[in-house]
Amino acid sequence: MNDADFLLWVRGPGMIIAVAVFVFGVLVRFLEMWLLGKNVDLAEPKGAAFGAGVRTMFTRSAPCGEEMCDGGFVLFSSWAFHIAFVLIFLFLAPHILFLKSILGFGWPALPKALMTILAIIGIISMVALLVHRFFHAVRNFLGKTVDYVAWTATFLPLLTGYLAAHSPLFGYSMSLALHILSFEIFIVLIPFTKLMHMFTVWVARYINGAAFGRKGVAV
Amino acid sequence: MPDPFMTLGEKLALQGVTRRTFLKYCTSLASLMALPPAMAAEMAEKLAKSTRQPVIWLSFQECTGCTESIARSHSPTLESLIFDAISLDYHHTLQAASGGAAEAARLASMKEHYGKYILVVDGAIPMKDGGVYSTIAGISNYDMLIDTAKGAAAIIAAGTCAAYGGLPHANPNPTGAVSVSDIVKDKPIINVPGCPPIATVMTGVIAHVLTLGALPELDEQKRPKVFFGDTIHDRCYRRPFYDQGKFAKTFDDEGARNGWCLFELGCKGPVTRNACATLKWNGGASFPIESGHPCLGCSEPNFWDAGDFYRALPEPAGKVLTTAAAAVAAGAVIGIAAGAIGRRKKAKAAAERKPVTSDDLK
Amino acid sequence: MTTSLAQGVNALVDVIDRPIAAFFNSCVHCGFCAEACLFYTETGDPRYTPIYKVEPLRKVWKQHFTVWGKFLHALGLSKPLTIEELREWEPLVYDACTLCGRCSAVCPLGNDVTYMIRKLREGMVAAGVAPEGLKGAAYRSLTIGSPMKITLQTLKATMRDAEQQTGLTIPLDKEGAELMLILSSNEIGLYPEILPAIARIFDKAGVSWTLCSTAFEATNAGIQIGSSDVARTLVQRIVDGAEKLKVKTVISPECGHAYTALRWDGPNLIGRPFPFKVLHITEFLDQLRAAGKLKTSGHESERMTYHDPCQIARRGGVVDAPRNLIDMIADNYVEMEETGIANWCCGGGGGVSSIERADPLRRKVFSKKKSQLDAIKVTTVVTACANCRHMIEEGIEDNKMNVKVVSLTEMLAQHV
């Protein structure tokens with residue numbers, strides 16, 4: 001298969017398969033969790049659970065308030081990588097084209113220079129986090145094979161995207177095809193790994209915030 | 001009647017083309033082929049001494065666009081020079097003879113110049129149902145190709161149809177169309193894709209073979225690197241707009257009228273190798289992007305099936321929304337079923353749960 | 001019933017719900033929970049990472065409640081939970097967790113690991129895998145009425161002492177009183193001074209109150225061992241007593257888990273809302289203060305701080321009340337650097353102090369509280385949980401620190 005056919009495959013059947021597995025998998029995973037239900041709390045609340053729950057969905061991104069923990073390197077690097085990833089995914093011009101073709105609407109793009117800086121930040125922070133994981137007692141202990149697979153699946157779109165845009169190692173067609181393929185692998189792996197957290201974290205944070213909030217505790 | 005054994009130099013002299021003019025043409029030819037300037041003199045000498053090179057041109061499943069392209073000449077150009085330098089012994093559109101006489105001319109040339117003639121093919125070759133979907137004089141394209149290729153010194157597959165299958169090969173390919181390379185395996189082949197190829201590119205390739213008696217440097221898809229080495233994107237004059245993020249969003253918006261990059265309108269420039277951005281068309285007049293239309297990618301294999309011409313490269317080529325909708329439906333069914341099973345499991349567990357009593361804690 | 005692995009797994013299948021599924025789906029192995037857990041920070045042992053402690057629960061969830069997990073199980077690619085695994089995890093789930101809630105407060109993904117540990121304990125008890133000390137405490141609670149063998153006789157003796165000390169009458173089974181006080185074994189057994197202290201304060205504030213002869217034990221060993229059945233039985237006694245005496249409020253004493261058991265878990269255990277309010281003693285005293293019914297005189301000049309019992313502050317929502325009370329009398333009060341809902345556990349709650357096997361570990365992790373106290377150089381620690389008080393006293397003794405530990409209520413009583 002030559003470069004052009006490979007690019008065509010990843011843009012065509014490859015994308016269809018990946019989107020199908022991703023959408024199907026995420027929905028099954030989400031529903032099998034959601035439908036387990038939750039007992040109603042009969043104790044008299046001290047505070048408003050709903051407001052606290054919604055608040056916590058956002059404030060938990062900065063968990064080290066009130067001296068609860070030492071944010072440090074991991075928190076900073078995680079922020080850096082997540083922000084880079086999300087901003088690049090949503091605001092790089094070709095990505096907006098991709099999303100527009102599915103959603104039916106687009107939005108303004110951010111300058112390419114900013115995207116380049118973010119990509120470099122993202123790549124460096126991801127590598128740093130990986131190295132840190134190897135050398136940290138708890139993270140090394142907790143880390144399973146699937147964690148490293150998830151890291152690789154997340155890292156490759158970032159790396160291949162950067163390469164496709166800046167110095168196509170294998171020619172533009174192949175570089176673009178590899179980037180799209182790496183994205184397809186990423187989304188296919190979401191329902192099978194901890195990458196699901198991008199959908200379930202909102203539920204978990206809400207439940208947590210609401211539970212504390214009912215007791216009048218804001219964390 | 002022209003002397004078939006007259007050299008090109010002699011013929012040109014007869015026509016009043018001076019040696020100086022001829023050398024000038026060869027210099028531009030050399031630069032066109034990215035050959036060193038010193039080659040120009042050598043080419044001029046060889047060309048002048050050459051007796052006319054026999055060329056057989058087979059037209060299969062084609063639209064005659066490739067012929068039309070090479071035949072364009074607004075003023076005395078290399079195209080006309082080439083036609084003077086070769087002996088075009090068989091060509092459906094250009095030859096005077098027809099019917100049995102035409103076929104006889106072909107067979108005679110093949111016999112007389114066996115091993116020395118250049119075979120140019122345009123159009124794809126249908127394979128289905130014994131190749132009945134395109135025949136000439138009752139002979140299938142496949143049979144004619146096999147037969148004619150035997151004595152060819154080299155084959156030039158002119159146009160995307162001959163090089164890759166082109167339009168007949170496009171989905172659903174009802175005739176089983178294939179390219180020259182799919183059939184002929186034992187002869188040197190030069191692919192000169194394009195729908196059609198640029199006139200100058202075709203004549204440049206033929207000229208190279210004529211004068212140097214060798215194939216130009218080819219890439220892995222057998223295309224001459226000198227013409228197909230760069231992508232349109234890398235040589236496009238609108239590239240600065242791409243780099244600055246200035247894109248035309250619709251065909252008549254302000255961006256389009258300001259000549260901004262056509263990437264978002266589906267331009268396949270970044271993945272298309274050809275010389276359109278540099279040599280351009282119709283004697284350097286313009287090329288599709290310059291005229292405001294995104295590149296179709298017509299010199300790449302399967303460009304007809306590469307998704308919508310107006311769908312940008314980052315966009316999926318297939319029906320993603322439909323797939324997603326189907327996946328939502330399927331996921332909802334399975335997910336709800338899984339949830340229901342989970343709940344039933346919990347209910348059963350609750351029913352079967354025995355209370356912990358003091359006996360259990362003794 | 002006879003405990004067994006099957007009963008254990010059954011219990012886990014029963015308790016797994018949407019929150020637990022959301023939490024396991026969201027864990028990214030970031031390790032923040034470890035850095036919030038006293039048992040990890042003071043030992044460096046990664047097995048004490050909170051989310052690791054609930055690994056058996058995760059297995060059951062994955063194999064029973066996920067399509068992918070069921071598929072892998074069917075292919076033989078995952079093994080079911082074994083009794084050996086539960087036994088291996090027993091010290092992690094019981095000895096090294098006080099249900100202090102710090103991990104739940106910190107997890108960036110929002111995982112309530114404390115909730116998961118509590119649920120895992122349900123399965124462990126049903127499988128018969130729980131520390132001897134906790135089993136004994138739960139057994140005694142069910143059969144005698146108290147984990148520390150405190151009987152009505154002991155209570156009455158304590159009442160008599162209190163009456164002698166204060167010259168007041170301690171009401172017992174007074175129907176129609178406004179509030180019913182319950183007491184923890186720790187208090188009656190180790191710190192009986194609490195009763196005269198409370199009596200004095202209530203008398204000065206004109207509180208209508210009573211003890212109940214059938215419901216005086218606040219400690220809930222069921223919550224600690226993790227059995228809803230046991231917890232329910234114990235809570236029901238209190239509810240029955242309160243309803244019999246027709247009180248409007250039940251006062252939970254200086255005990256951490258007693259508050260959690262009654263205030264937050266209670267209605268859910270018995271399956272209906274309470275017809276009475278539940279207040280921690282400090283909450284009630286603060287209400288008295290706010291209503292102007294609590295007048296104090298004199299001051300404490302010792303450099304002092306307040307240790308927030310985890311179940312009262314972070315897990316109970318009572319943070320300001322104790323401080324308002326201390327503020328009435330303390331001249332030289334200073335907060336620990338991590339304070340309020342961010343404070344660190346004393347290391348002995350959630351049943352840990354009942355587990356003899358856990359003693360060395362518990363004493364080791366006191367180093368966290370020690371470092372907190374050392375940093376602010378106090379000579380007094382005030383607290384509002386008798387177990388915390390006991391644990392901190394032991395830790396201070398182990399480390400030969402020059403710090404006194406006092407009960408907030410007792411200290412207040414000296415100034416009314």
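Residues are numbered from 1 along each chain as its sequence is written, while chains are lettered from A and ligands numbered from 1 in the order in which they are written. Because the model is predicted, local features need pLDDT of at least 70 and side-chain atom pairs count only at pLDDT 80 or more, whereas totals for chains, interfaces and linings use all residues.

Chain A contributes 36 residues and chain B 35 residues to their contact, two residues being in contact if their C-beta atoms, placed from the backbone, lie within 7 Å. On the side of chain B that touches chain A there are 20 nonpolar, 11 polar and 4 charged residues; here Ala, Val, Leu, Ile, Met, Phe, Trp, Tyr, Cys and Pro count as nonpolar, Asp, Glu, Lys and Arg as charged, and the others, Gly among them, as polar.

Within chain A, helix α2 (residues 49-59) packs against helix α9 (residues 197-214) at an angle of about 135°, with the axes 7 Å apart. Helices (H or I, at least four residues) and strands (E, at least two) are DSSP runs, numbered from the N terminus, and axes are lines fitted to C-alpha atoms, for helices over the stretch in contact, with angles running from 0 to 180 degrees between N-to-C directions. The angle makes α2(A) oblique to α9(A), given that angles under 35 degrees count as roughly parallel, over 145 as roughly antiparallel, 65 to 115 as roughly perpendicular and the rest as oblique. Their contact comprises 10 nonpolar, 6 polar and 3 charged residues.

In chain C, helix α1 (residues 5-15) and helix α10 (residues 113-126) pack at about 155°, with their axes 7 Å apart, and are therefore roughly antiparallel to each other. Among the residues making this contact are C:L12 and C:V15 of α1(C) and C:M124 of α10(C).

Chain C also holds an open sheet of 3 strands in the order β5-β6-β7, with parallel pairing; strands pair if DSSP finds at least two bridges between them. The strands β5 and β7 (404-407) stand at the edges with a single partner strand each, so one side of each is left without a neighbour in the sheet. Between β6(C) and β7(C) there are 4 bridges, and C:T383 has C:S407 in β7(C) as its bridge partner.

Helix α19 (residues 320-329) of chain C has the buried residues C:A321, C:P322, C:R323, C:L325 and C:I326, where buried means that 20 or more other C-beta atoms, placed from the backbone, lie within 10 Å of the residue's own. These buried residues pack against β5 (304-307) and β6 (380-383) of chain C, and also against α18 (281-290) and α23 (408-413).

Definitions and conventions
Buried ≥ 20, exposed ≤ 12 C-beta atoms within 10 Å, placed from the backbone.
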